[in-house]
Amino acid sequence: MTPSASSSQRTRLSSTGVVASVRGSVVDVRFAGRLPPIYTLLRTGKDAQIAIEVQMQLDAHRVRGIALNPTQGLARGMPVTDTGGPLKVPVGKGIISRMFDVFGNPIDRQPAPADVEWRTIHREPPPLLDRSTKSEIFETGIKVIDVLVPLERGGKAGLFGGAGVGKTVLLTEMIHNMVGHQKGISMFCGIGERCREGEELYHDMKAAGVLPHMVMMFGQMNEPPGARFRVGLAALTMAEYFRDDEHLDVLLLIDNIFRFIQAGMEVSGLMGQMPSRLGYQPTMGTELSGLEERIANTNTGAITSIQAVYVPADDLTDPAAVHTFSHLSASIVLSRKRASEGLYPAIDLLQSNSKMATPAIVGERHYLLAQEIRKTLAQYEELKDIIAMLGMEQLSPDDRSVVGRARRLERFLTQPFFATEQFSGIPGKDVGLKDALDGCERILKDEFKDYPESAFYMIGTIDEAKEKAKTAKGPKAADPPPKTKDPVPGPATGKPARTVEPGANAH
């Protein structure tokens with residue numbers, strides 16, 4: 001046998017192995033020669049359909065991997081092929097307006113994109129030398145966010161909330177507004193969410209005419225943990241192409257980053273690692289950092305990320321929420337209490353915060369106005385218990401004015417969304433920062449103290465309140481929640497504890 005023939009045979013032997021054991025998604029593979037490195041993608045099963053990512057080298061001849069798709073039909077002794085590299089996804093202009101799975105296969109029933117390059121999903125974050133040090137505001141067109149929780153261009157914002165408080169609706173609205181404000185690309189990454197949401201998003205974006213500026217990638221909740229764990233890195237690789245090669249601004253929306261942590265926890269458990277606090281994987285901080293640090297603002301472009309974060313049992317001290325908080329430049333906390341009052345977007349105005357809300361970045365007027373709004377709302381929060389026990393009549397005239405301002409501000413900071421037009425019947429509104437600030441300033445100056453609270457509910461600019469108040473003076477108009485003649489807020493919800501009829505005893 002010639003030396004060249006023997007070396008080619010050795011290479012062939014080292015690049016093929018056999019399945020040693022299968023335990024659910026965990027597959028052990030035996031190799032006669034060289035072991036494949038960590039993160040290498042292996043292929044096995046009928047037509048090489050089953051993909052396995054190497055997670056661990058057990059000994060000189062065996063590796064342990066996690067399957068990225070179901071392992072039905074996989075048996076011991078089946079041949080395994082080493083692909084020679086990690087998982088790769090397509091990048092290029094051909095992927096725009098398309099929908100992919102974690103392997104880069106199109107899932108929108110259209111042919112595979114042509115003229116694309118395949119890149120590995122495991123990449124290093126941009127070096128500090130290439131990062132931009134300039135702080136800029138990312139305008140969303142949503143009043144409450146632009147005024148109180150301004151987002152950073154190239155920063156990371158988190159939407160924190162339990163189930164059913166409006167995280168996905170808020171993300172969908174931001175995609176819609178992105179095309180109007182920023183001429184960039186939106187990248188939507190669905191990690192472990194419902195397939196229904198993916199299908200609805202695709203049709204909604206198509207109907208809104210936003211699809212030509214979008215790329216979508218999904219790893220749904222029915223998929224194995226290995227696929228859900230890698231879909232975030234795969235979407236980020238696509239977003240990095242548009243930032244680094246096309247020099248565009250990218251809006252990366254992740255729904256839901258908690259599912260990424262959860263998938264890592266499942267993989268860690270399958271690999272037999274000892275869990276840390278509350279059952280999370282011991283490597284959670286490292287895995288989350290590996291994803292978050294790649295989202296950055298460079299000298300050529302920026303990836304601005306907005307991430308929905310499911311909070312287990314509404315507990316913001318959960319390790320998953322705490323670790324995510326540390327990476328964010330803005331935290332938008334969604335409140336079930338405000339959602340129950342019908343105040344959408346249901347953002348907790350006092351718990352939400354942004355590192356951009358400083359005079360040096362947003363300007364003196366914006367900063368002072370935001371502080372005044374927070375102060376007014378905090379005073380109203382303190383007065384709620386007194387109102388619940390003794391009624392509005394026992395408050396001083398100054399305190400009554402504060403309550404009136406706070407309740408009008410709360411309603412003015414609601415907004416009809418384009419994403420919910422079909423459900424609410426109210427046309428969506430995109431409000432500029434200047435109009436939002438003007439409206440808040442005029443309410444704080446008591447310009448509208450004689451207007452009913454209902455006039456401020458679900459409007460765009462403040463001038464719409466005048467039109468709404470005129471129509472309300474005709475036939476009796478339905479007030480937004482709370483619906484009363486003389487509102488006396490309850491202890492915690494801000495809803496009326498009772499209706500006080502004129503002349504009735506208010507004790």
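Predicted model: local features only at pLDDT ≥ 70, side-chain atom pairs only at ≥ 80, totals over all residues.
The protein chain has 507 residues, and 51% of them count as buried. As for secondary structure, we've got 15 helices and 20 strands. If you take the contacts with a separation of 6 or more, 71% of them come from residues 24 or more positions apart. And the accessible surface is about 22400 Å², with 54% of that belonging to carbon and sulfur atoms.

Now let's zoom in on a helix pair. Two packed helices are described by the angle between their axes and the distance between the axes. Our pair is H11, residues 364–390, and H14, residues 433–444; their axes come within 11 Å and cross at roughly 50 degrees. That angle is why we call H11 oblique to H14. The crossing is left-handed, by the way.

So who's touching whom? On the H11 side it's Arg365, His366, Leu369, Glu372, Ile373 and Thr376, and on the H14 side Leu433, Leu437, Asp438, Cys440, Glu441 and Leu444. Sort the residues of that contact and you get 6 nonpolar, 4 charged and 2 polar.

Last stop, still on H11: glutamate 381 sits in this helix. Leaving out residues up to four places away in sequence, glutamate 381 touches Lys337 and Leu350.

Methods: Residues numbered from 1 in each chain as written. Heavy atoms only, no water. Helix = DSSP H or I, 4+ residues; strand = E, 2+ residues; numbered from the N terminus. Buried < 20%, exposed > 50% of the residue type's maximum accessible area, 1.4 Å probe, protein only. Contact = heavy atoms within 4.5 Å. Areas by Shrake-Rupley, 256 points an atom, 1.4 Å probe, with all protein chains shown as cover. Axes fitted to C-alpha atoms, helices over the stretch in contact; angles between N-to-C directions. Parallel < 35°, antiparallel > 145°, perpendicular 65-115°, else oblique. Left-handed = near helix turned anticlockwise from the far one by under 90°. Nonpolar A, V, L, I, M, F, W, Y, C, P; charged D, E, K, R; others polar.
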